[in-house]
Amino acid sequence: MKLTRYCLALDLIDNPELISAYEESHKKVWPEVITNIKNAGIEHLELYRVENRLMMVMEVNDTFSFDRKAEMDESNEQVQEWERLMWKYQQALPNTKPGEKWRLMKNIFSME
């Protein structure tokens with residue numbers, strides 16, 4: 001099975017206590033959130049941080065689509081609760097559209 005990789009970016013509120021709390025919350029991501037991620041076709045997901053900038057790396061199978069994932073998230077109350085909790089620590093990148101959180105990054109180089 002061929003996987004597709006996506007990288008997305010988001011900022012955290014630039015406050016060391018909030019950043020620490022955000023990282024702690026990701027040591028125990030709710031099982032319902034993990035199940036929803038897997039059911040959306042995401043095979044592998046990692047978060048990286050430098051200062052208050054986050055990068056998410058997702059490897060997805062051919063069943064994944066951003067629209068389908070958004071629909072699944074919207075219909076899952078536990079995922080919505082998690083997202084509301086995480087938004088206490090997060091802030092949108094500059095020039096982000098209203099309602100958008102994670103922004104898809106453009107691949108500008110790949111060494112093969």
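## N36 in helix α2

In this predicted model, N36 lies in helix α2, which covers residues 31-39. Its relative accessibility is 6%, so N36 counts as buried, the cut-off being under 20%.

The side chain of N36 forms a polar contact with the side chain of D73, at 2.6 Å. Leaving aside residues up to four places away in sequence, N36 touches D73 along with K69, M72, N76 and V79.

## Strand β3 and its partners

Strand β3 spans residues 53-60 and is mostly covered, with 6 of its 8 residues buried. Strand β1 (residues 4-12) pairs with β3 in the antiparallel sense over 8 bridges. Within β3, R53 is the bridge partner of D11.

Strand β2 (residues 42-50) also runs antiparallel to β3, and 8 bridges join the two. Here H44 has E59 of β3 as its bridge partner. The hairpin of β2 and β3 has 2 residues between the strands. In this hairpin, E51 takes a positive phi near 50 degrees.

## The surface around F109

F109 is placed in the segment after β5 (103-104). With a relative accessible area of 65%, F109 is exposed, since the cut-off for that class is over 50%.

Together with I108 and M111, F109 makes up a nonpolar surface patch of about 470 Å². The accessibility of F109 thus contrasts with that of N36: F109 is exposed, whereas N36 is buried.

Key:
Residues are numbered from 1 along each chain as its sequence is written. This is a predicted model: local features need pLDDT of at least 70, side-chain atom pairs count only at pLDDT 80 or more; totals for chains, interfaces and linings use all residues. Side-chain values use heavy atoms; hydrogens and water are left out. Helices (H or I, at least four residues) and strands (E, at least two) are DSSP runs, numbered from the N terminus. Buried means under 20% relative accessible area, exposed over 50%, partly exposed in between (1.4 Å probe, protein chains only). A polar contact is a pair of N or O atoms within 3.5 Å; within protein, one must be able to donate a hydrogen and the other to accept it, and residues adjacent in sequence count only if both atoms are side-chain atoms. Contact means heavy atoms within 4.5 Å. Patches are made of residues with over 30% relative accessible area and no salt bridge: like charges are joined within 9 Å, nonpolar side chains (Val, Leu, Ile, Met, Phe, Trp, Tyr) within 5 Å. Accessible areas come from the Shrake-Rupley method with a 1.4 Å probe; for residues, only the protein chains shown count as cover. A salt bridge is a side-chain nitrogen of Lys or Arg within 4 Å of a carboxyl oxygen of Asp or Glu. Two strands pair if DSSP finds at least two bridges between them.
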